[in-house]
Protein chains: 2
Amino acid sequence: MNRVSELFKIRHPIIQGGMIWCSGWKLASAVSNMGGLGLIGAGSMYPEVLREHIVKCKAATEKPFGINVPLLYPQTDEIIDIAISEGVKIVFTSAGNPSKYTSKLKENNIVVVHVVANKKFALKAQTAGVDAIVAEGFEAGGHNGFEETTTMVMIPMLKQVIDIPIIAAGGIGSGMAMYASMALGAEGVQVGSLFASAKESSAHSNFKNEIINTDDGGTQLTLKKLVPVRLIKNDFFNRIHEADKNGMQKTELAEILGRGRAKLGMFEGDIIEGELEIGQVATQISTIKPVSEIMQQLINEFNFTSHRMSQLADL
Amino acid sequence: MNRVSELFKIRHPIIQGGMIWCSGWKLASAVSNMGGLGLIGAGSMYPEVLREHIVKCKAATEKPFGINVPLLYPQTDEIIDIAISEGVKIVFTSAGNPSKYTSKLKENNIVVVHVVANKKFALKAQTAGVDAIVAEGFEAGGHNGFEETTTMVMIPMLKQVIDIPIIAAGGIGSGMAMYASMALGAEGVQVGSLFASAKESSAHSNFKNEIINTDDGGTQLTLKKLVPVRLIKNDFFNRIHEADKNGMQKTELAEILGRGRAKLGMFEGDIIEGELEIGQVATQISTIKPVSEIMQQLINEFNFTSHRMSQLADL
């Protein structure tokens with residue numbers, strides 16, 4: 001269909017975001033089997049756990065799949081080595097310097113994609129030699145950029161300065177949004193929240209129920225003095241957000257945050273005290289569905305939108 | 001072309017936002033003469049000044065034009081009466097309760113559109129009987145919603161619950177974004193920043209130069225403890241934003257803000273101490289152009305995108 005489908009050798013340029021605590025081999029293989037690109041989220045896995053997921057994913061699909069590796073963790077070197085030794089063909093890197101691992105991965109014939117949230121890092125990633133970028137808008141769940149640039153503004157802005165394929169992320173929960181992203185200049189989409197809510201997602205069912213109950217304004221980007229993160233407004237959010245507003249600084253905020261709150265909320269199901277990372281688009285999600293239905297819905301909506309738009313007369 | 005062009009009896013469903021200090025009769029009539037809908041921004045005008053602009057606009061164009069009225073000002077009643085007595089046919093209301101003036105305006109055969117930034121007010125506006133809504137995303141300049149919902153998320157969300165036409169605003173600075181908005185479910189667009197920078201805009205040239213120099217991350221939504229407003233990050237922004245982060249509360253922030261800073265920055269050209277209200281899309285604006293060129297560019301880009309997208313195969 002286009003450069004993104006060709007790059008990954010997939011049928012539909014729909015990438016499932018490699019999200020912590022959601023994206024194990026079950027989710028990734030289900031998406032790949034439906035003709036999209038499934039990603040195992042290495043960010044919440046010890047190296048040996050990741051290896052297990054890769055092995056199981058290879059057994060569950062003959063289609064291409066990849067892994068997402070946040071570059072900030074101490075075990076990144078080990079994770080990259082596992083990807084290479086297990087024959088992973090596609091690696092998405094995020095949250096770090098794209099120049100550090102790109103050449104090593106490319107020397108091993110791995111397709112490399114870097115996730116960015118601003119123009120500066122998009123240019124850096126292109127210079128580092130990655131094959132494509134994911135451009136993630138402000139509306140996306142989880143960690144995000146300081147610029148707060150939204151998907152609608154980001155994609156045309158990057159299209160002016162970037163030659164490699166751009167994959168849009170943030171706010172993509174329907175075939176309409178996928179079609180819109182491609183009109184803006186993207187050649188594929190990365191879908192997070194919708195797949196986090198999927199039956200095959202390894203997220204706790206309490207978290208999935210919170211996703212489908214999130215309405216307009218139910219998430220907010222917070223903790224901007226540390227690293228900005230979009231969370232559902234639960235008790236924990238309210239407490240730390242209030243402290244932030246009242247002038248609490250970095251060190252104390254980090255203390256309240258502590259460690260392991262994303263796991264607590266998203267994997268262990270503590271919806272009161274956990275961090276619940278999800279995108280604004282949760283407002284459009286109302287049922288927990290299997291991946292097969294989600295993919296078919298995206299495809300049907302995309303095609304329907306394409307037919308609807310083709311009937312518009314020129315201005 | 002669609003319900004929005006029919007409603008306003010215009011050729012292209014492109015509405016120029018009725019922005020304070022930018023949108024006088026010159027800008028509005030220029031947009032209307034090019035087949036869009038020009039709006040006079042009443043928000044920065046004394047009632048008699050507004051009357052003068054309406055009279056001049058009627059002389060400068062035979063095409064439909066309208067006015068934008070923020071409903072929070074003490075002189076709103078007088079402004080509505082002027083609109084009626086001067087035979088204005090289209091009124092966009094914003095920043096207030098849509099039910100208060102809609103029936104009076106409709107009794108006088110005026111088309112009424114209300115500007116919203118969330119689902120709650122979109123539903124309220126529809127119930128109040130307005131003819132269409134403008135749905136303004138987080139990326140838009142100036143005052144904005146507490147929900148921070150972006151255009152990419154807002155339009156499909158509202159499309160699920162709203163039957164009247166939706167006009168997308170926020171992040172629309174190109175024909176690509178216009179086409180994308182319509183794919184999302186909008187039937188027209190309201191373009192602010194791009195027209196604020198136009199030759200015919202009554203904004204100070206210093207402000208226009210700041211707009212074209214704004215890069216990624218150059219604006220931010222701030223003053224959330226008062227009313228959220230997106231501003232260019234100048235000295236004034238930095239001072240008040242820092243105070244906010246350090247825990248300063250509502251009353252003191254309002255004192256620092258004082259009165260008349262938008263006029264100071266946007267109309268009088270004090271780019272250091274003034275409030276400079278502009279959208280994220282300023283990052284895509286690099287020259288000050290006349291309205292005729294801006295309109296032609298939007299139209300060309302829209303048509304080009306339409307042709308490009310029509311070549312996509314079904315998924």
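I count two residues as in contact if their C-beta atoms, placed from the backbone, lie within 7 Å. The model I am reading is a predicted one.

**Domains of chain A**

I looked up the domain assignment of chain A, which gives domain 1 as 3-202 + 282-301 and domain 2 as 205-280. Taken over C-alpha atoms, the centres of domain 1 and domain 2 of chain A are separated by 23 Å. Turning to the contacts between them, I noted that 25 residues of domain 1 of chain A touch 21 residues of domain 2 of chain A. On the domain 1 side, the elements of chain A that give two or more residues are β7 (142-143) and α9 (193-196). By class, I found 10 nonpolar, 14 polar and one charged residue on that side of domain 1 of chain A.

**Chain B against chain A**

I next asked how the two chains meet, and found 46 residues of chain B in contact with 46 residues of chain A. In chain B, the elements that give two or more residues to this side are α7 (151-159), α8 (175-184) and α14 (291-310), and α14(B) brings the largest share, with seven residues. I sorted the chain B side by class into 20 nonpolar, 20 polar and six charged residues.

**Symmetry**

I then checked the superposition of chain B on chain A, which takes a rotation of 180 degrees with 0.0 Å of shift along its axis and leaves an RMSD of 0.0 Å. That is the relation of a two-fold axis. Within chain B, the C-alpha nearest the axis belongs to B:Gly247, 1.7 Å from it. Both copies use the same surface, since 100% of the contact residues of chain B recur in chain A.

Notes:
Residues are numbered from 1 along each chain as its sequence is written. Chains are lettered from A and ligands numbered from 1 in the order in which they are written. This is a predicted model: local features need pLDDT of at least 70, side-chain atom pairs count only at pLDDT 80 or more; totals for chains, interfaces and linings use all residues. Copies are superposed by least squares on the C-alpha atoms of residues with pLDDT of at least 70 in both. Domain bounds come from an automatic or database domain assignment. Helices (H or I, at least four residues) and strands (E, at least two) are DSSP runs, numbered from the N terminus. Ala, Val, Leu, Ile, Met, Phe, Trp, Tyr, Cys and Pro count as nonpolar, Asp, Glu, Lys and Arg as charged, and the others, Gly among them, as polar.
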